[in-house]
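Take a look at the structure below.

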Amino acid sequence: MKYGVNEHGYYGDFGGAYIPEMLYPNVEELRQQYLNIINDPDFKAEFDDLLKNYVGRPSPLYHAKRYSEKYGANIFFKREDLNHTGSHKINNAIGQILLAKRLGKKRIIAETGAGQHGVATATVCALMGIECVVYMGEIDMARQAPNVSRMKMLGATVRPASSGSKTLKDATNEALRDWIANPVDTHYIIGSVVGPYPYPDMVARFQSIISEETKKQLVEHTGKELPEYVLACVGGGSNAMGMFYHFLDNEQVKLVAVEAAGKGVDSGHSAATTFLGHEGVLHGSRTILMQTPDGQVVEPYSISAGLDYPGIGPQHAYLYKINRAQYVSVTDDEAMKAGLLCSQMEGIIPAIESSHALAQLEKMKFNLTDNVVICLSGRGDKDLDTFIKYFNY
Ligand SMILES: Cc1ncc(COP(=O)(O)O)c(C=O)c1O
């Protein structure tokens, strides 16, 4: 694959595994085994069966007719919001729990921002009868409270991260600390295409089901498997990488990744990583991140907990640098407006994360015959409180 990882774990200058020595055995075990495990026919059969009968895949590719009229193109939503647990995160959680079982791990840890990855991980741990600890920033625990209750109901322990901006970055730091302290029996289910190699590649492979299905579904809808545009929001970048994956080598397909501008890219309250960031190391990989001139991570901000992260996965950093994908950003206000519009024009309440991708439509010019696919990465139930407060309902 032209834009895939090389045998050393890099995408161009980005990627690698910048980890403390204590984690080396865990990460090395994963590196040596992940491809053998996930390419094994028994693994594939179990993964496919759970995606079909537990998650409810394939997720529909919905032709949004009123949106198509409004924006003057054929607009399709890839409905990851309809998956069990309400987002794309479950695809990766299922893949990694099956992998952890085969590695003989007895305990699972995870980080979460919006709580969707935490819920997905708590869900698969309940399914397999494995202990689960989820780290979550204190601010995110408050703004995504329904997901904290769901994780507890599913039997997981939720541990607050109270350092830094008390959001996803800080939860990731805590999870990494836990893994260093428990290297033998614990598997860390990272929720995005971030972290040391092989995580970015492994998570992208598990999420690639999104574009694999989309290609087939586009043939049914349009007679062609390639659209003109593909759009997705980017926190760490897993729904975007899943949505881009099988289109990467088809260079006529324009890939658009939407980051969170927060209160504006120049406001000092933003998570627009490619706009504000520079090359460096974050959470085990060389990538692009928001940092001060002396290399301290800048605290990010977005109204959306899932996009409130100061970095992007290394494959995104590469696609950005070589211009294979376009990276843009959308403010809180633009995203909230887009979430309301989708609710009232299509009868679908999207997650605030996904609303960022929808908001980008306002800024694009299409031809009437263009086919445009947007990854609707999750549903908005978890965000109702934020929407209601924002619009003063
Ligand atoms: C619904 C939804 N979309 C998108 C994201 C962002 O993550 P990623 O960029 O890994 O897809 C999250 C993260 O929590 C999410 O819950």
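This is a predicted model: local features need pLDDT of at least 70, side-chain atom pairs count only at pLDDT 80 or more; totals for chains, interfaces and linings use all residues.

Residues are numbered from 1 along each chain as its sequence is written, and side-chain values use heavy atoms, with hydrogens and water left out.

Around the ligand stand 18 residues, each with a heavy atom within 4 Å of it. Ser192, Gly235, Gly237, Ser238 and Ser377 come nearest. The shell holds five nonpolar, 11 polar and two charged residues. Here Ala, Val, Leu, Ile, Met, Phe, Trp, Tyr, Cys and Pro count as nonpolar, Asp, Glu, Lys and Arg as charged, and the others, Gly among them, as polar.

Where does the ligand lie? Domain 1 (21-50 + 89-196) and domain 2 (58-87 + 204-391) both give residues to the shell, so the ligand lies between them. The domain bounds come from an automatic or database assignment.

Now look at polar contacts, pairs of N or O atoms within 3.5 Å. A ligand oxygen is 2.7 Å from a side-chain N or O atom of Ser238. For the side chain of Lys89, the distance from a ligand oxygen to an N or O atom is 3.1 Å. A polar backbone atom of Gly236 is 3.3 Å from an oxygen of the ligand. Taken alone, the ligand exposes 390 Å², and the protein buries 98% of that, by the Shrake-Rupley method with a 1.4 Å probe.

Definitions and conventions
A polar contact is a pair of N or O atoms within 3.5 Å; within protein, one must be able to donate a hydrogen and the other to accept it, and residues adjacent in sequence count only if both atoms are side-chain atoms.
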